Amino acid sequence: MKKFMLYLVLLFAISTAALAQTPLQAPSGSSSQNSLTAQDKNISRGHYRVVHGWPLLPDGFILGQGTGVDVDSHDNVFVFHRAGRVWAEPFPGEPIQSPTIMLFDGKTGKLLASWGEKIFIMPHGLTVDRQDNVWVTDVGRHQVFKFSHDGKLLLTLGERDVPGADGSHFNRPTDVAVSPDGTFYVSDGYRNTRVAKFSAEGRFLFEWGKKGAGPGEFDLPHGIALDTQGRVYVCDRSNARVQVFDATGKFISEWKSQELGRPYGITIGVDRYVYVVDGGDQPATSPDRARALKIDQTGKIMDSFGSFGNYDGQFNLAHDIAVDKNGAVYIIDTRGMRVQKFIKQ
């Protein structure tokens, strides 16, 4: 009897050990969205390192809440920040008195120029087009602006301080993406939940989107970018996904996964990879999540770097991202009030 009991104990131990080493099977019928989550476990990580001491800010100067970043044809870096103002509603009525647009040398970090004072209420998105024009959105003014590289105003869209949802009005627009032919798209935005396309001269062409979670619907379209084939990538922030469309607004695909997180900003590198920043969920208390992601054009995440925090290489609220011709990545951190440069290692 004792031998029989000992045999049962040994059989149970062996069976338990074998079961512990057998992975659980995923439920059958997983959607493509869930399959993206499954591939997250195989993502390469940490192939970028932060460049300490970049940029070189003037003595006594602190960058404000940074919201937009992009690079020009010389790989110099434009930054859009709130210069001491913070997001608090209702927004102030007076424009920010200090310069809000800064240009840094991409290599050295030296400040090359600053402008944009006494114009904006609440700076948000910034984009540099192929002619080195600078496009910005002001969610406080409900307007989109186009400037020359040195700050001369070239075009204004939207009626100042008047929100709306038609071809000549915005309601807190967030970002701009410019095509090679000069036509451009505006993600609009915090209230209108749509994407609008305009001619190079600023004439309204068409729009798509409404509030919702289905294909082609949005809940805060926050960032926008175009690839070389004219496809439109939109950070659908509150739906925690990236949606991909053709140039006419026809839905192509959705990227959504735990690893992708909550996309805030997006850009396409010269290597044709899609770069996204996950701004986290902004809970009332820490910890949160923050990172940058490198994704191929099928939606497969190739690399992930950065984390939540205040140290170099970390982010408090990663808000926008840019990539230069050499592959250096620039990330603007709104709550951290800084811009950081990352290079491959």
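Which side chain makes a polar contact with the side chain of Asp219? The side chain of Lys211 does, at 2.8 Å. A polar contact here is a pair of N or O atoms within 3.5 Å; within protein, one must be able to donate a hydrogen and the other to accept it, and residues adjacent in sequence count only if both atoms are side-chain atoms.

This is a predicted model, where local features need pLDDT of at least 70, side-chain atom pairs count only at pLDDT 80 or more, and totals for chains, interfaces and linings use all residues. Residues are numbered from 1 along each chain as its sequence is written, and side-chain values use heavy atoms, with hydrogens and water left out.

**Overall picture**

- The protein has two helices and 27 strands. Helices (H or I, at least four residues) and strands (E, at least two) are DSSP runs, numbered from the N terminus.
- Of the 345 residues, 53% are buried. Buried means under 20% relative accessible area, exposed means over 50%, and partly exposed lies in between (1.4 Å probe, protein chains only).
- Take the contacts between residues at least 6 apart in sequence: 47% of them join residues at least 24 apart. Contact means heavy atoms within 4.5 Å.

**Around Asp219**

- Asp219 sits in the loop between β14 (204-208) and β15 (221-226).
- Asp219 counts as partly exposed because its relative accessibility is 22%.
- Beyond its neighbours within four places in sequence, Asp219 touches several residues, among them Thr193, Gly212, Asp236 and Arg237.
- Gly189 is 30 residues away along the chain, yet its C-alpha atom is 8.5 Å from that of Asp219.

**Sheet β3-β4-β5-β6**

- These four strands form an open sheet in that order, with antiparallel pairing. Two strands pair if DSSP finds at least two bridges between them.
- β3 (66-71) and β6 are the edge strands; each has a single partner, so one side of each lacks a neighbour in the sheet.
- β4 (residues 77-81) and β5 pair over four bridges. Phe80 stands opposite Ile101 in β5.
- β5 (residues 101-104) and β6 (residues 111-115) also run antiparallel, over four bridges. Met102 has Ser114 in β6 as its bridge partner.
- β5 and β6 form a hairpin with six residues between them. In the turn, Gly109 has a positive phi of about 85 degrees.

**Sheet β2-β27-β26-β25**

- This open sheet also holds four strands, and the pairing is antiparallel.
- The edges are β2 (48-50) and β25 (318-323); each has a single partner strand, so one side of each is left without a neighbour in the sheet.
- Five bridges join β26 (residues 329-333) to β27 (residues 338-344). One of the bridge pairs is Ile331 with Gln340 in β27.

**Nonpolar cores**

- The largest nonpolar core has 16 residues. A nonpolar core is a set of buried Ala, Val, Leu, Ile, Met, Phe, Trp, Tyr and Cys residues joined through side-chain atoms within 4.5 Å.
- Residues with the most contacts inside the largest core include Val277, Phe305 and Ile321.
- β2, β20 (274-278), β25 and β26 each supply at least two residues of this core. The largest share, three residues, comes from β25.
- A second, separate core of 15 residues includes Val242, Ile266, Val276 and Leu293.
- Leaving aside neighbours within four places in sequence, Val277 contacts residues including Arg262, Tyr264, Ile321 and Ile331.
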